[in-house]
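Here is a short briefing for someone meeting this structure for the first time. Take a look at the chain and its fold before reading on.

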Amino acid sequence: MTAPARPTERLPASPSSLNTRVLGGLLLVFGSGWMLKEAGVLDIPWSAVFSIVLVALGLALLVTARSRVRTIPLVVLGAILTAGLAVGSANIGITGGVGERVLRPVTLTRSPHYRLGIGELQVDLRRAAIGEGDTRITADVGVGHLSVRVPEGLAVRVEVDTNMGNAVVFGDRLDVHGKAGDSTETEGYRDASRRLLLVLHVGVGQIDVTT
């Protein structure tokens, strides 16, 4: 007599395939939030976008824990996101962090350097006291959007580069993918008595310079 066939057991997903699916979903959430924010559909701070991603990651960890699958990459990603949000919410100077930051300096230190890890950094220099001679300002964003506004009529030179992204300076798109990026300057810059040099870098994202 033939023994009845046993029902086939469904094998659990491998750790690598499950982690890939979860990480892909998180990237989809983050990318969708970024796209909607840049398109003006959603007006939410970057910290809120990362909070949503962190919540989604927590749910993913709960699901994978029930499946008894090792989720070390997801745990590491969660720790990085949590640390970034903690730094951003603590509002520690302008040396990094995560979120949306708007700076409107009135007085400038010598060669100021503004930084943001992930998010949107806006530097408004229209009310800044820019003295005679050369004034150099450096700004860096790891991942996100860097926007700089300068006083109208001021002699300005802009040097930009990104690892992956775009740069639009006074309405013109620059080539930012070379080894040294690209640069442009306003008419009469070399002969002006007051000159502003902007050195701008974004790892992944967008650079905009306007008046």
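The points below go from the overall picture to single residues.

The model is a predicted one. The protein holds three helices and seven strands. Along the sequence they follow the pattern α-α-α-β-β-β-β-β-β-β.

**Overall picture**

- The protein has 211 residues, and 37% of them count as buried.
- Its accessible surface comes to about 12800 Å². Carbon and sulfur atoms account for 57% of that surface.
- Take the contacts between residues at least 6 apart in sequence: 63% of these join residues at least 24 apart.

**How β4 is paired**

- β4 and β7 run parallel, and 14 bridges join them.
- In this pairing, Val 169 has Val 209 of β7 as its bridge partner.
- β4 also pairs with strand β6 (residues 182-185), in the antiparallel sense and over four bridges. Here Val 158 stands opposite Thr 184 in β6.
- A further antiparallel pairing, over two bridges, links β4 and β5.

**The β4-β5 turn**

- β4 and β5 form a hairpin, with two residues between them.
- Phe 170 sits in the loop between β4 and β5 (172-173).
- Most residues other than glycine have a negative phi. Phe 170 has a positive phi, near 50°.
- Phe 170 is partly exposed, with a relative accessible area of 31%.

**The largest nonpolar core**

- The largest nonpolar core has 29 residues. Those that touch the most other members are Leu 125, Leu 146, Val 148, Val 160, Leu 196, Leu 198 and Leu 200.
- Four strands each supply at least two residues of this core: β2 (113-124), β3 (133-149), β4 (155-169) and β7 (194-210).
- β7 gives the most to this core, with six residues.
- Which residues does Leu 198 touch, not counting residues up to four places away in sequence? Its contacts include Leu 125, Ile 137, Val 148, Val 150, Val 156, Val 158 and Val 209. Arg 157 and Glu 159 are also among them.

**Two buried strand residues**

- Val 123 lies in strand β2. Val 123 counts as buried because its relative accessibility is 3%, and the cut-off for buried is under 20%.
- Apart from neighbours within four places in sequence, Val 123 is in contact with Leu 103, Tyr 114, Ser 147, Val 148 and Arg 149.
- Val 123 and Arg 149 are 26 residues apart along the chain, and their C-alpha atoms are separated by 6.4 Å.
- Thr 138 is found in strand β3. Is Thr 138 buried or exposed? Thr 138 is buried, with a relative accessible area of 14%.
- Thr 138 touches Pro 112, His 113, Tyr 114 and Val 199, again not counting residues up to four places away in sequence.

**Salt bridges**

- How many salt bridges does a search of the whole structure find? The search finds five.
- One of them joins the side chains of Asp 124 and Arg 126, at 2.7 Å from N to O. Asp 124 is buried, at 12% relative accessibility. Arg 126 is partly exposed, with a relative accessible area of 40%.
- Arg 195 and Asp 134 also meet through their side chains in a salt bridge, at 2.7 Å from N to O. This pair links distant parts of the chain: Arg 195 is in strand β7, Asp 134 is in strand β3, and they are 61 residues apart.
- Asp 134 is exposed, with a relative accessible area of 54%.
- Arg 157 forms a salt bridge with Glu 159, and their closest N and O atoms are 3.1 Å apart. Glu 159 is partly exposed, at 28% relative accessible area.
- Arg 157 and Glu 159 belong to a network of salt bridges that also links Glu 185 and Arg 190.

How values were computed:
Residues are numbered from 1 along each chain as its sequence is written. This is a predicted model: local features need pLDDT of at least 70, side-chain atom pairs count only at pLDDT 80 or more; totals for chains, interfaces and linings use all residues. Side-chain values use heavy atoms; hydrogens and water are left out. A nonpolar core is a set of buried Ala, Val, Leu, Ile, Met, Phe, Trp, Tyr and Cys residues joined through side-chain atoms within 4.5 Å. Buried means under 20% relative accessible area, exposed over 50%, partly exposed in between (1.4 Å probe, protein chains only). Contact means heavy atoms within 4.5 Å. Accessible areas come from the Shrake-Rupley method with a 1.4 Å probe; for residues, only the protein chains shown count as cover. A salt bridge is a side-chain nitrogen of Lys or Arg within 4 Å of a carboxyl oxygen of Asp or Glu. Two strands pair if DSSP finds at least two bridges between them.
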